[in-house]
Amino acid sequence: MRRKASLVLLALAVFVGALSPLLRWYAFPRLAKIPPSQYQEAVLEAKNATLIDYGTMQSKTVPKVTVVQTLKGNVEAAKEIEKSAGRDVVVWDTLSFVQGPDGKMVSQIPERYIFDAHSQAPVHATGEMVDGDPVQRKGIEFKFPFLTEKRDYEYFDFQARTSAPIHYKGTQKFHGLDVYYFEQTIPWTKVAYPKKMPLPGIDSSTLEKTTGTSLWYTTTRKFWIDPVTGAPVNGEEVNQEEMRGGTLLGGRDKVTVFAGDVKMRDDYVSYTVDLVKKNRVLVLLLTSYLPWGFLGLGLALLALSLWLEARSRRPSDPPPAVTERLDPVIA
Amino acid sequence: MRALIAAAIGLAAALALVLTISAIGAPEGKTSPKPLLTTVPSAPGKITQTK
């Protein structure tokens, strides 16, 4: 009976012991993926920013400029691309909507970002774009990969429409989480005018050609990343845009279009941190909690199995001593 | 010999379970009907526009 029990325990020990590496190294890379149907919005604000008034072409300090970023997973488009890509794909349709202090639109730039659902490697397919113009991204955008490493990544800048390194600058505490701080600087770069701007009667796509006035942009982008999920829990951009040269500026060399420190609104920081804290448990289950738990349980079951086996092999108690009765000798 | 068979049964069961779970995967869901925002939400998730 003990022997049977030890064999059952041995089978169980191997079962849970094998689950440990299988979950971490086989299941996790296949199960951990960004859901294709994700919808998320974030609000960022630049207080006391400099903003151009397109009516007078003068820049002035305004109390607040708000940026609303929305991303929406397009499940149908993802399925279509998956057919030719042969892997799990996520398609994010996004919009960066900038609103001035008067509540009116300053600019809005749509994007389509296509990437591998597991590794977040970019996938190039028809429809990948920034503001309607086809692009081919290198590196990542919006989010970092699962299990983010302490190293530099290539990050795509949608304004400059090019990728540049985003540098790992250290680990920090943020709302109780250990997060990785990344920073990227895009030097002054000539960029395309957003197709939607508050310039009535003017086609922004031909603005530079007709006036000779070009749009320039620089930014320092800061991200605080939860390394488990790769999700940003906070973001900030020190952003500057200028119009330079041409006939649009009335003889001036340059005019500031926007200058400000764009930070995530406090309620969105709290909301994002809560969301990330919830999601990171799911990742940690597969990468840490279950593998280590199963490994410990497997070892305990193995020890119990060996102990039972050893007990079953112990020699049984010696038989009771036989006292030989001697018959009396009768002479 | 019986120990080897027991270990093989345990290993096979673990492999079968993990392969099945990995093959099933996570549900994909549907594209959200919510719009890309052109208004500022008053709070996270509080979308006012009906575009």
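Trainee: On what basis are the values given?

Mentor: Residues are numbered from 1 along each chain as its sequence is written, chains are lettered from A and ligands numbered from 1 in the order in which they are written, and side-chain values use heavy atoms, with hydrogens and water left out. Because the model is predicted, local features need pLDDT of at least 70 and side-chain atom pairs count only at pLDDT 80 or more, whereas totals for chains, interfaces and linings use all residues.

Trainee: How far apart do the C-alpha centres of domain 1 and domain 2 of chain A lie?

Mentor: Domain bounds come from an automatic or database domain assignment. In chain A, domain 1 covers 2-22 + 286-313 and domain 2 covers 32-264. The distance between their C-alpha centres is 51 Å.

Trainee: Which residues form the salt bridge across the interface of chain A and chain B?

Mentor: A salt bridge is a side-chain nitrogen of Lys or Arg within 4 Å of a carboxyl oxygen of Asp or Glu. The rule finds one across this interface. With the closest N and O atoms 3.8 Å apart, the partners are B:Glu28 and A:Lys79.

Trainee: Where does the salt bridge of A:Lys33 and A:Asp88 link the chain?

Mentor: These two side chains meet at 3.6 Å, N to O. Helices (H or I, at least four residues) and strands (E, at least two) are DSSP runs, numbered from the N terminus. The pair links distant parts, 55 residues apart: A:Lys33 in the loop between helix 1 and strand 1 of chain A, and A:Asp88 in the loop between helix 2 and strand 3 of chain A.
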